[in-house]
Amino acid sequence: MTGITDLAAWHELAAHHADLEGTSTRDLFDEDPDRFRDFSLEAAGLFLDYSKNRLTRETVKRLLDFARDSGVEVMRERMFTGERINTTEDRAVLHVALRNRANRPIHVDGEDVMPAVNDVLARMRRFSERVRSGDWTGHTGRPITDVVNIGIGGSDLGPAMVVRALDPYTRADLRPHFVSNVDGTHLAEVLRRVDPETTLFIVASKTFTTQETLTNAHSARAWLVDRLGDEAAVARHFVAVSTNAEKVRDFGIDTDHMFEFWDWVGGRFSLWSAIGLPIAVAVGMDNFEALLAGAHEMDEHFRTADMGANMPVLLALVGFWNIMFEGAGAHAVLPYDQMLERLPAYLQQAEMESNGKRTTRDGTLVTWPTAPVLFGEPGTNGQHAFYQLIHQGTRLVACDFLAPAQSHNPLGDHHEKLLANVIAQTKALMRGRSESQARAELEGEGHDAAGVARLVQHKTFPGDRPTNTILFRKLDPHTLGALIALYEHRIFVQGVLWRVNSFDQWGVELGKQLARPILGELKGDREPDPDDDASTRGLVAVLKRWREGGDDG
């Protein structure tokens, strides 16, 4: 595989970046009255402004050349046509098939997957409508009032994020809950708030062996049986999203109430599948299908639009430029919509589990940066938390600002103030405040020369902090689907540019493997491993002593 630095397009980018030395984004705006028009675009109900990044038309042209030379277009087509681009696991990558509203045939190993996808969607509709209508009742004949999703990772983060984001489309008499952490507190606090006679559990685990999920599921099962006094109650209060019929049956769930998905559905890209069952129950299948439709519209744009007018491609290239040439090691996603409060957590997995890699697709070690650290918090809360570092810190953080033109909850002038903050923050991050401006401001406030000298550097902002702004009319299911798909494709493109496999996660496995013997030691079922390091042995010993009520001796 050709390395990044082996491409002529890379060296052209590096030379171009050197030519931009000393040029500020503010200068670029001053020199170009058409900059906003030429560095923004609209697709699938989203509007992207990327003009506040330190780049030019020449930068974009060279980035597009680099993307073509890196095989972005080829890899994109291989993904959409069902080739096994997840080479380390020998799997296709077809979350796009799950929301293929055109119902275009998509083949894996010669078989069209769409009939199976449509069958599961139809089953999800029938089941969710039964729950929502009250036709599905619990063991004692009462309708369901609470739905508890038990999963972890992609089986939790995606559905939890979407249900929170689409809260205006939920019903007060059908409450969603999400349990993921193996910390017993997470499950216990949910169980304290629900009635066993009217609670439905959705257990989401592809293999039905995931330790955290099955630990929580068995504890929930024990709680239900204890409260209702009948093992038969499990069949009316538990359904599964899995592929392991035998283990689902052993748990006590009727396999007629098992919703399947496939090995070409990656966990962090799975909310579009039966993993989205809690979404369908919470907001209704019509809204779930609107979510799919929004994602499909972005898929079609990504697949067919010219690279130079392709929103996911451009968003990926801008991010690549900021990481590889501008030195941004972190990426903040800043939704100015309280209902998107879980989006940064969802994107943390999507981004860092996908592209947090040190090995190329052909197994060689990379010698360049890959995924940035991703974090975020809804505005304006974040402004009073970590924006100080973004404005004046020593680490460059690239930011995405997301905002709806209309609020689901108009209240006085709240939304206008919210939107004013979005625009003001991106302006401040780009323009900064020069030392001379800070000095003039301090003098205007009446500070003497000593006071000015003491404060001027504190009031100086460097500017040239890169930002993208993504606007949409209102956060509805279609818009949310398009937004999630935009980020999915951005991640995919950057993975191609970095030469990594964005669809495996081997780094997740090592800690799980090492936890098993340590669990045995903590339970007293296994002797300490004499080959363990002193820290591991010491920590296990301290925890065992404290759990057993021993003193510090």
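Reader: What share of the 553 residues of the chain counts as buried?
Author: This is a predicted model, in which local features need pLDDT of at least 70 and side-chain atom pairs count only at pLDDT 80 or more, while totals for chains, interfaces and linings use all residues. Residues are numbered from 1 along each chain as its sequence is written, and side-chain values use heavy atoms, with hydrogens and water left out. A residue is called buried when its relative accessible area is under 20%, exposed when it is over 50% and partly exposed in between, with a 1.4 Å probe and protein chains only. Of the 553 residues of the chain, the buried share is 51%.

Reader: What radius of gyration does the chain have, and why does it agree with a compact globule?
Author: The radius is taken over C-alpha atoms, and the globule rule is 2.2 Å times the number of residues to the power 0.38. Because a compact globule with 553 residues would come near 24 Å, there is agreement with the value of the chain, which is 26 Å.

Reader: Is S51 buried or exposed?
Author: S51 is placed in the loop between β2 (46-49) and α4 (57-69). Contact means heavy atoms within 4.5 Å, and, not counting residues up to four places away in sequence, S51 touches T25, F29, R35, F36 and F39. Because its relative accessibility is 1%, S51 counts as buried.

Reader: What distance separates the C-alpha atoms of G284 and E129?
Author: G284 is found in the loop between α13 (277-283) and α14 (285-304), and at 7% relative accessibility G284 counts as buried. Leaving out residues up to four places away in sequence, G284 touches R132 and I279. Although G284 and E129 are 155 residues apart along the chain, the separation of their C-alpha atoms is 7.3 Å.

Definitions and conventions:
Helices (H or I, at least four residues) and strands (E, at least two) are DSSP runs, numbered from the N terminus.
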